[in-house]
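Hello,

I am handing over the model we talked about, and my notes follow below it. Please have a look at it first.

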Amino acid sequence: MSAKNADEVEQLRLKYLSKKGEITALMTDFRNVAADQKKTVGMKINELKTLATERINQLREECQTQESEGDAIDLTRTPYPIKLGTRHPLTIVTNEIIDIFSRMGFVLADGPEVEDDLHVFTKMNFAADHPARDMQDTFFVSQHPNDVTKNILLRSHTSSVQARVMEHMHTEDGKLTAPIRVICPGRVYRNEAITARAHCFFHQVEGLYIDKNVSFTDLKQVLLSFAREMFGADTKIRLRPSYFPFTEPSAEMDISCFICGGEGCGFCKHTGWVEILGCGMVDPNVLEQCGIDSKEYSGYAFGMGVERITNLKYQVSDLRMFSENDVRFLKEFEAAN
């Protein structure tokens with residue numbers, strides 16, 4: 001009696017031990033055996049049934065062992081080729097930005113994406129009637145008409161992380177417990193129509209440095225070093241006056257177009273310059289709101305959109321491609337990992 005698999009074992013069981021099986025039929029015919037032979041014949045039938053049962057059980061175990069061994073991993077075999085995943089282009093660029101500023105002494109800081117108005121707007125020197133506080137610009141989770149500082153919302157910039165860092169880095173008399181030098185990457189949300197050039201969520205990296213005698217010159221040198229690390233050693237920068245509620249003076253920073261070398265092309269709209277970030281000296285009101293003595297300390301802050309930097313490095317024309325999870329698009333960045 002032999003079998004090669006579980007199905008054949010089951011066929012043997014049905015053939016010999018089922019209700020219509022051959023051994024069962026012998027036991028049914030036992031009543032026709034002569035009386036003087038019943039003892040001998042009965043013993044033989046029982047022995048046959050026992051042997052058949054044991055053999056079928058043995059075959060079943062052998063087949064189960066063979067199947068389990070067949071499913072086991074054979075470490076001597078050549079491994080199957082495994083396709084490796086790739087990092088998202090936004091992750092690649094964010095990590096590169098963090099690495100550059102980390103080498104300048106900046107440490108990583110993080111904060112909640114669901115924030116309160118106090119840290120997103122009030123401590124950042126936004127006026128009570130500032131348009132950013134309107135529902136047309138900001139996603140509110142809950143609103144308190146009688147006290148806007150209690151509003152809960154999806155943060156519209158990572159400056160809220162800066163506010164939380166500042167309020168925990170000083171003593172009661174406004175003295176810093178240590179100089180503040182942080183980089184704050186994260187996702188932010190704004191109530192905007194989704195197009196090729198805008199999205200309702202995107203990513204920012206903001207930086208903050210506060211200490212005694214921090215000047216605009218310090219800010220300019222840090223940003224120049226960053227631009228040359230990020231876009232090439234020949235990159236030039238220019239700072240144009242601008243306005244932000246939380247910095248004074250404020251500026252927009254442009255870099256020389258790395259495609260045409262500043263000569264002018266379609267990418268830079270024939271100006272030779274491309275805007276990449278906003279920056280400025282931290283407004284004294286922001287320092288005071290966060291409990292830091294503005295007469296003794298000063299600082300600078302800057303912020304950039306990760307999608308903007310990624311567009312510049314890889315010339316991605318449509319922002320929506322970053323969030324659509326198209327594998328064909330993501331595979332284009334395998335070499336950048």
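A word on terms: on a 1 Å grid over the protein atoms alone, a cavity is a set of points where a 1.4 Å probe fits but cannot get out, and its lining residues have an atom within 4 Å of a point. Grid points are joined across faces, edges and corners, and a volume is the space filled by probe spheres set on the points. This is a predicted model, in which local features need pLDDT of at least 70 and side-chain atom pairs count only at pLDDT 80 or more, while totals for chains, interfaces and linings use all residues. Residues are numbered from 1 along each chain as its sequence is written, and side-chain values use heavy atoms, with hydrogens and water left out.

By this rule there is one cavity of 30 Å³ or more, and the largest cavity has a volume of about 30 Å³. Its lining consists of Met 124, Gln 162, Met 166, Phe 246, Val 282, Val 286 and Ala 301.

Now the sheet. Three strands (DSSP runs of E, at least two residues) form an open antiparallel sheet in the order E2-E4-E3, where pairing takes at least two DSSP bridges between two strands. E2 (114–116) and E3 (140–142) are the edge strands, each pairing on one side only. Two bridges join E3 to E4 (residues 152–154), and Phe 140 has Leu 153 as its bridge partner in E4.

Lastly, Ser 18 counts as buried because its relative accessibility is 15%, with the cut-off at under 20% relative accessible area (1.4 Å probe, protein chains only).

Best wishes

Methods
On a 1 Å grid over the protein atoms alone, a cavity is a set of points where a 1.4 Å probe fits but cannot get out, and a pocket is an open set with protein on both sides within 12 Å along at least five of seven lines; lining residues have an atom within 4 Å of a point. Helices (H or I, at least four residues) and strands (E, at least two) are DSSP runs, numbered from the N terminus. Buried means under 20% relative accessible area, exposed over 50%, partly exposed in between (1.4 Å probe, protein chains only).
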